Amino acid sequence: MLSNLSLNQRAALLSVLMLIVGLLIWEAAIPAQKAAEELTEYERLMGLGQERAGVPPPSQVLAKAWEQLSNPFYDAGPNDKGIGIQIGYSIYRVLTGYILAALVAIPLGFLIGMSQIAYKAFNPFIQVLRPISPLAWMPLALFIIQDSEASAIFVIFICSIWPMLINTAFGVAGVRQDWVNVARTHELGSLRTAFQVILPAAAPTIITGMRISIGIAWLVIVAAEMLVGGTGIGYYVWNEWNNLDLTSVIFSILMIGVVGMLLDSAFGVLQRTVAFAE
């Protein structure tokens, strides 16, 4: 029967099986807590009937997911917003900083990829700034900008720019010279050559850089929101931890993973769209 399934179907079946086994092991690993009426008088005096903080079983996490996802956009005040609103704030910050980074990185990457002088001039700055942790910029951004929202967007900008910049420069520099020579033979100007020859040829590499950047941006926004607070999925995780609600913490971690997977999948589709066979 399995032999009649395609490779993707068999892989999906194996993934579901591993998920079920993992959840069962997780559920079984959490010791069941005795109800108060099942305790001896000594155990009750020792406070063993009180609910203790611990890692919740997956059944509780699923119940929390149903509760939150059934009304994801409720707003009951500054510290009590639905998971949909919190994720919406985070995605807004990520996309704002990401788009600003793309507007800078892709044109600059074109310049660096097409010019040896530009490459040698910009390379020292890139090598110094690229290894700096994005969160290291947060105190400086808060001091200069004096706005937590704009500071979080700046951190996304600074972490998103480097993969796009480097991949764009690499992709542009790697375009076959024969194609550029053909464009010159047809007397195409520099602008038309860039858009009609170089951009389509370098597009797969550019999209790869953009895909890496969106993953890094989503990682960083969670940490940034934990620092600046207010709203966002990172703040939601930290706030629930302060409330000692581990069920909500695990649920929010799973939501972070799901949203990250969807963002990566969107760029994966785009990457396959621009791919070509030489």
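## Annotated spans

Residues 95-119 are 96% helix and 0% strand, with 28 Å between the end C-alpha atoms. The span of residues 152-173 is 100% helix and 0% strand, and its end C-alpha atoms are 33 Å apart. Both spans are among those that UniProt, in an unreviewed entry, lists under "transmembrane region": 12-30, 95-119, 125-145, 152-173, 217-238 and 250-270. UniProt positions are given in the numbering used here, feature names are shortened, and annotations may be inferred rather than shown by experiment.

The model is predicted: local features need pLDDT of at least 70, side-chain atom pairs count only at pLDDT 80 or more, and totals for chains, interfaces and linings use all residues. Residues are numbered from 1 along each chain as its sequence is written, and side-chain values use heavy atoms, with hydrogens and water left out.

## Overall make-up

The protein has eleven helices and zero strands. Helices (H or I, at least four residues) and strands (E, at least two) are DSSP runs, numbered from the N terminus. Of the 278 residues, 36% count as buried, where buried means under 20% relative accessible area, exposed over 50% and partly exposed in between (1.4 Å probe, protein chains only). Among contacts (heavy atoms within 4.5 Å) between residues at least 6 apart in sequence, 70% join residues at least 24 apart.

## Helix α7 and its partners

Helix α4 (residues 83-114) packs against helix α7 (residues 148-173) at an angle of about 30°, the axes being 6 Å apart. Axes are lines fitted to C-alpha atoms, for helices over the stretch in contact, and angles run from 0 to 180 degrees between N-to-C directions. The two helices are therefore roughly parallel; angles under 35 degrees count as roughly parallel, over 145 as roughly antiparallel, 65 to 115 as roughly perpendicular and the rest as oblique. The crossing of α4 and α7 is right-handed. A crossing is left-handed if the near helix is turned anticlockwise from the far one by less than a right angle, and right-handed if clockwise. The contact of α4 with α7 comprises 23 nonpolar, six polar and two charged residues. In this classification, Ala, Val, Leu, Ile, Met, Phe, Trp, Tyr, Cys and Pro are nonpolar, Asp, Glu, Lys and Arg are charged, and the others, Gly among them, are polar.

Helix α6 (residues 138-145) crosses α7 at roughly 135°, and their axes come within 9 Å. That angle makes α6 oblique to α7, and the crossing is right-handed. On the α6 side the contact is made by Met138, Ala141, Leu142 and Ile145, and on the α7 side by Ser148, Ala150, Ser151, Ala152, Phe154 and Val155. Eight of the residues in the contact of α6 with α7 are nonpolar, two are polar and none is charged.

Phe157 lies in α7 and is buried, with a relative accessible area of 18%. Neighbours within four places in sequence aside, Phe157 is in contact with Gly97, Leu100, Ala101 and Val104. The C-alpha atoms of Phe157 and Ala102 are 8.6 Å apart, although 55 residues separate the pair along the chain.

Ser160, also found in α7, is buried with a relative accessible area of 0%. Not counting residues up to four places away in sequence, Ser160 touches Tyr98, Ala101, Ser213 and Ala217.

## Helices α10 and α11

Helix α10 (residues 233-242) and helix α11 (residues 246-274) pack at about 160°, with their axes 8 Å apart. This makes α10 roughly antiparallel to α11, and their crossing is left-handed. Ile233, Tyr236, Val237, Glu240 and Trp241 of α10 meet Leu246, Ser248, Val249, Phe251, Ser252 and Ile256 of α11. By class, the contact holds eight nonpolar, two polar and one charged residues.

Seven of the ten residues of α10 are buried: Ile233, Gly234, Tyr235, Tyr236, Val237, Asn239 and Glu240. Just after α10, Leu244 has a positive phi of about 60°.

## Val222 in α9

Val222 is part of helix α9 (residues 190-228) and is buried, with a relative accessible area of 11%. Residues up to four places away in sequence aside, Val222 touches Ile233, Gly234 and Ile256. The C-alpha atoms of Val222 and Ser90, 132 residues apart along the chain, are separated by 7.8 Å.
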